[in-house]
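Open the model in your viewer and keep the sequence panel beside it. The stops below say what to select and what is found there.

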Amino acid sequence: MDHPPSTFSTGCPMSHKIAVYPGSFDPITYGHMDIIERGLEVFDEIIIAVARNSEKKGNLFTIAERITLIEESIGADSRLQVDTFDGLLVDYVVSRQAKVILRGLRAVSDFEYEFQIAQMNRNLKPEVETLFMMTSVPYGYLSSSIVKEVACLHAPVEALVPPAVQKALQEKFS
Ligand code: ADP
């Protein structure tokens, strides 16, 4: 006889795996999208979470603009949500009934910082796991910062960012 799936207190089937993919996304690039696409092979649902505390000097896009650009880039997919968070990431992760923080790793230079943050998050909330995905080779040196520098100099960015972001960059730097 078939049994109904066990559930958490939230009513979510136990097998429903949710990851939070946090970042500044200023703006979203094909490197981020590659992690999201590959993440969907592992998780049932990914919450792309824009850090509100990343709204500081040096960012090009407001939080609202970044959210719009993410939404336009990922299109309609019921497995993806875009949200923002304030304060401690691990508290946000738990509040969304997720157990995993998804992060991308590019060069070795990412490792030191990511390692520190992951250790700190584990100390704060041991039940939240950080999972790293290695970048895909074409995006190994792609970052939002590089994209902004290149776009500022009016160099082509169509290989680096989705069309919506390309257009927004053109408008910012026109
Ligand atoms: P943060 O400001 O938290 O570093 P980012 O928006 O720069 O946020 O990046 C969010 C996450 O996406 C980070 O884990 C970062 O390492 C990852 N990431 C960004 N670009 C790439 C890329 N080209 N390949 C793989 N991971 C990436």
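Begin with the largest pocket, which holds about 1100 Å³ of space. A pocket here is an open set of points on a 1 Å grid over the protein atoms alone, where a 1.4 Å probe fits, with protein on both sides within 12 Å along at least five of seven lines; lining residues have an atom within 4 Å of a point. Its volume is the space filled by probe spheres set on the points, which are joined across faces, edges and corners.

Select Gly23, Ser24, Arg103, Tyr113 and Glu114: of the 40 lining residues, these are the closest to the centre of the largest pocket. Next colour strand S1 (18-23), helix H1 (30-39), strand S4 (100-105), H4 and helix H5 (144-152), the elements that give two or more residues to the lining. H4 gives the most, with seven residues. Helices (H or I, at least four residues) and strands (E, at least two) are DSSP runs, numbered from the N terminus.

This is a predicted model, in which local features need pLDDT of at least 70 and side-chain atom pairs count only at pLDDT 80 or more, while totals for chains, interfaces and linings use all residues. Residues are numbered from 1 along each chain as its sequence is written, and side-chain values use heavy atoms, with hydrogens and water left out.

Now show the whole chain as a cartoon. There are six helices and five strands, and from the N terminus on they run β-α-β-α-β-α-β-α-β-α-α.

Go to the loop between S1 and H1, where Phe25 and Pro27 are found. A cis peptide bond, with omega about 0 degrees, joins Asp26 and Pro27. Phe25 has a positive phi, near 50 degrees. Most residues other than glycine have a negative phi, and most peptide bonds are trans. Is Phe25 buried or exposed? Phe25 counts as buried, at 2% relative accessibility; buried means under 20% relative accessible area, exposed over 50%, and partly exposed in between (1.4 Å probe, protein chains only).

Move to His154, in the loop between H5 and helix H6 (163-173). His154 also has a positive phi, near 60 degrees, but this residue is exposed, with a relative accessible area of 60%.

Finish at Met120 in helix H4 (residues 108-124). Met120 is partly exposed, at 47% relative accessible area.
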